[in-house]
Amino acid sequence: VPCMAHRCWSTTRTNGMSKTTSHRTAMARRTVWWCALLLCTCACASLEGLRERAEALQPWLVVTRRDLHAHPELGFALSRTTRVVADALRGMGVHDVRYVARNGGVVAEVGRGKPTVVLRADMDALPLQESADNPVKSTVDGRMHACGHDAHTTMLLGAVRLLQERYNASNRAAQGAAEVEEELCPIDPEGSHCGSEKKWPGGTVRFVFQPAEEGRGGAKAAIEDGVMDGAGGTYAIHVWPWLRSGAMATRSGPIMAGAAFFEISIMGRGGHAAAPHATIDPVPAAAAIISSIQTVIAREVNAQKAAIISVTRMETPGNAAVNAVPDEVLLQGTMRTLDVQLFQDLRVRLEKLVQNQATVFGCTAKVGWMEGRAEPAPPTINDGEAQMTAVRGASKLLGAENVEEAEISMASEDFSLFLQKAPGSMLFLGIRNETVGSTRDLHNPGFIMDESVLPIGAALHASVALQWLEEHQSTSEL
């Protein structure tokens, strides 16, 4: 860079001395300014500069996140949240902001043409009563952001701001460069050095702010509205309290489990508890079903393939009497696995097991999968090449020592549906920081967010998107 700066200065000085007209002198001075701008832009375009710019946004990011945290909304009913997001996007100068997924989601784009990479953040909260001693707490009883979706939304807004600024600067630089005569500033007319570093790589970054991730089918609804149309890649970030703050972790292949939610109704014939012989008691049938489910996992599933079936709720609808045998027992729970085929096989096996066990006890039973209330999500499977693109971008931004291989999680994410439409990767961003109390698990009423990672997440989104665009220029028509 110093050599290029010297070259530019020497050329303009020579041109200025060889021509005595005021016009040439003015052009020479203008060229010195332009060359300095090129060098400055080149330095600021580095990922280190991206991180610094993101850190400068920290106050704005904290205010935004705390506002979202104080006003949690559930499922698709995110009217305030979507308004905050859409207003922020328009305030950044982002055009073509549109609503999707039953008007519970927001989509916007920065850039132009192909290729297109999608960055996604979820926005919905959980039906939990917040207990954490946070600086800002939920103002809505029975609702809180206990899974970090307020942070996800904030970080993606930060990424939009970073990339919009970069795109605008690139356009301004391109317009200005066209006005400079080649013989006055021959730094690199073909743009193979500084000019290429400052340019927008080419292509489009699409930002998807998704509703209803918590089992309500938000990803499916967003995809049906076309958010993945024409996409060549996709990425998402999830804050991760089991990983130290500021570190990023990911892996190739399965990273999160698929999940389905079931409801089992076991019907018998109720009566007085003093005369059980005159009843068909569904309670023993329910107990046998619960035990048999665990036998399926222990004896029928390959031990090298992770699988879980958990019965998490048991009730007798309409029967509050302790001296009455109920007509019905209702079981609810979740099934999880990392293998797509096993995911389907276990659904079939569970239905058959329930029917057989109920018959043994003289009862009838049916299994429902709670579609519409708790939508299933397949395993989240990262693409190997897309994951390595993210690792390269993250390593440049964070340093290789802060990029780790993630452990597989049996939690689920409907971002898996995005990954079925285009190769991509789920990324975990560490938020574990004992100093600020950010140590509680996700979905815990005492969950606390380490806000120092907000600019890191924003810059990570941006750096991964830029890395992907740079690596996919030769495979797309621009």
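Modeller: What follows is a look at helix H13, and then at other parts of the chain. This is a predicted model, in which local features need pLDDT of at least 70, side-chain atom pairs count only at pLDDT 80 or more, and totals for chains, interfaces and linings use all residues. Residues are numbered from 1 along each chain as its sequence is written, and side-chain values use heavy atoms, with hydrogens and water left out.

The chain holds 13 helices and 16 strands; these are DSSP runs, numbered from the N terminus, with helices (H or I) of at least four residues and strands (E) of at least two. Helix H13 covers residues 454-471. The expected span of a helix is 1.5 Å times one less than its number of residues. For the 18 residues of H13 that gives 26 Å, and the end C-alpha atoms are 26 Å apart, which agrees.

Of those 18 residues, 16 are buried, so H13 is largely enclosed by the rest of the structure. Buried means under 20% relative accessible area, exposed over 50%, and partly exposed in between (1.4 Å probe, protein chains only). Across the 478 residues of the chain, 54% count as buried.

Another helix, H12, spans residues 415-419 and includes Ser-416. Ser-416 has 1% relative accessibility and therefore counts as buried. Apart from neighbours within four places in sequence, Ser-416 is in contact (heavy atoms within 4.5 Å) with Ala-377, Pro-378, Pro-379 and Thr-380. In the chain, 82% of the contacts with a separation of 6 or more are between residues 24 or more positions apart.
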